[in-house]
Amino acid sequence: MGISRDSRHKRRATGGRKANLKKKRQYELGRPPANTKLGAPRVHTVRCRGGNLKFRAMRLDTGNFSWGSEVCTRKTRVLDVVYNASNNELVRTKTLVKNCIVQVDATPFRAWYEQHYGVKVGQKKIKKTGATEDDTKKSKSLQKKLAERQKTRTLDPALDDSFSAGRILACVSSRPGQSGRVDGYILEGKELDFYSKMLKKKKGSK
């Protein structure tokens, strides 16, 4: 039959039936959901009204994620889908949709942070093995620059823990079934606290 977005087949608000006086029109068509999964990238192009194109991602495993407070964006691997407010089934099947919460690889952000501020992060696990600071030679101008940056540096303890685990929580802000990309932003502050609490609650209920 095909998916149609018309309302002629629906009943009135009072419950009465309407006479369907015209056939389906192409401008009323709908398409099946993409249900983008985690995996090696596979994107289909869909020709739309007006000759425009949509990029229907079938599978994706990398995307651009932004670290808002540090104004830093890096391409990184999506490791897992951990939470979805609308449907737990989308978590079980690892379906990528807008606003789902995912775990991404922390390595690119960690490398940038350490290079930008000249400090090590996520050291909690490393300290047990007795690892020390990396004492590479730095020019005086670089030392001055790093010292200046240190004055305003703040790192959320929850994010520091995530760095030591090598995985950080992020939210998908793009629409993988429409744009063919999985882009988003790293969770921090109250938003990170909220979703961490939800994940703990979910683990506890199992």
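This report describes the barrel, the helices around it and several individual residues of the structure above.

The model is predicted, and local features are given where pLDDT is at least 70, side-chain atom pairs only at pLDDT 80 or more, while totals for chains, interfaces and linings use all residues. Residues are numbered from 1 along each chain as its sequence is written, and side-chain values use heavy atoms, without hydrogens and water. Helices (H or I, at least four residues) and strands (E, at least two) are DSSP runs, numbered from the N terminus.

## The barrel

Five strands, in the order E6-E7-E8-E9-E10, form a closed barrel with mixed pairing. Two strands count as paired if DSSP finds at least two bridges between them. On average, neighbouring strands of this sheet are turned by 50 degrees against each other, direction ignored. Axes here are lines fitted to C-alpha atoms, for helices over the stretch in contact, and angles run from 0 to 180 degrees between N-to-C directions. In general, strands of a sheet pair through backbone hydrogen bonds, either parallel or antiparallel.

| Strands | Sense | Bridges | Residues facing each other |
|---|---|---|---|
| E6 and E7 | antiparallel | six | asparagine 64 and lysine 75 |
| E6 and E10 | parallel | two | serine 66 and tyrosine 185 |
| E9 and E10 | antiparallel | three | alanine 170 and isoleucine 186 |

E6 and E7 form a hairpin with four residues between them, and valine 71 in that turn has a positive phi of about 50 degrees.

Buried means under 20% relative accessible area, exposed over 50%, and partly exposed in between (1.4 Å probe, protein chains only).

## Helices against the barrel

Helix H2 lies across strands E6 (62-67), E7 (72-83), E8 (101-105), E9 and E10, and runs at about 140 degrees to E7. The axes of H2 (residues 107-117) and H4 (residues 140-151) come within 8 Å and cross at roughly 110 degrees. H2 is therefore roughly perpendicular to H4; angles under 35 degrees count as roughly parallel, over 145 as roughly antiparallel, 65 to 115 as roughly perpendicular and the rest as oblique. Gln115, His116 and Tyr117 in H2 meet Leu146, Arg149 and Gln150 in H4, where contact means heavy atoms within 4.5 Å. The residues of this contact of H2 with H4 comprise two nonpolar, three polar and one charged. In this grouping, Ala, Val, Leu, Ile, Met, Phe, Trp, Tyr, Cys and Pro count as nonpolar, Asp, Glu, Lys and Arg as charged, and the others, Gly among them, as polar.

Helix H5 (residues 157-165) lies across E6, E9 and E10, at about 115 degrees to E9. Its buried residues include Leu159, Asp160, Ser162, Phe163 and Ser164. The N-terminal end of H5 is capped by aspartate 156, with a side-chain oxygen 3.1 Å from the backbone nitrogen of alanine 158. Just after H5, glycine 166 takes a positive phi of about 85 degrees.

Leucine 192 belongs to helix H7 (residues 189-205) and is buried, its relative accessible area being 4%. Apart from neighbours within four places in sequence, leucine 192 is in contact with Asp156, Ala158, Leu159, Leu169 and Leu187. The C-alpha atoms of leucine 192 and isoleucine 168 are separated by 9.9 Å, with the two residues 24 apart along the chain.

Serine 174 sits in the loop between E9 and helix H6 (176-179) and is buried, with a relative accessible area of 12%. The side chain of serine 174 reaches the backbone oxygen of arginine 181 at 2.8 Å and the backbone nitrogen of aspartate 183 at 2.9 Å. Residues up to four places away in sequence aside, serine 174 touches Lys98, Ser179, Arg181, Val182 and Asp183.

## Positive phi in two loops

Most residues other than glycine have a negative phi. Asparagine 35, in the loop between strands E2 (29-30) and E3 (37-38), has a positive phi near 50 degrees and is partly exposed at 39% relative accessibility. Lysine 94, in the loop between helix H1 (89-92) and E8, has a positive phi near 55 degrees and is partly exposed, with a relative accessible area of 35%.

How values were computed. A polar contact is a pair of N or O atoms within 3.5 Å; within protein, one must be able to donate a hydrogen and the other to accept it, and residues adjacent in sequence count only if both atoms are side-chain atoms.
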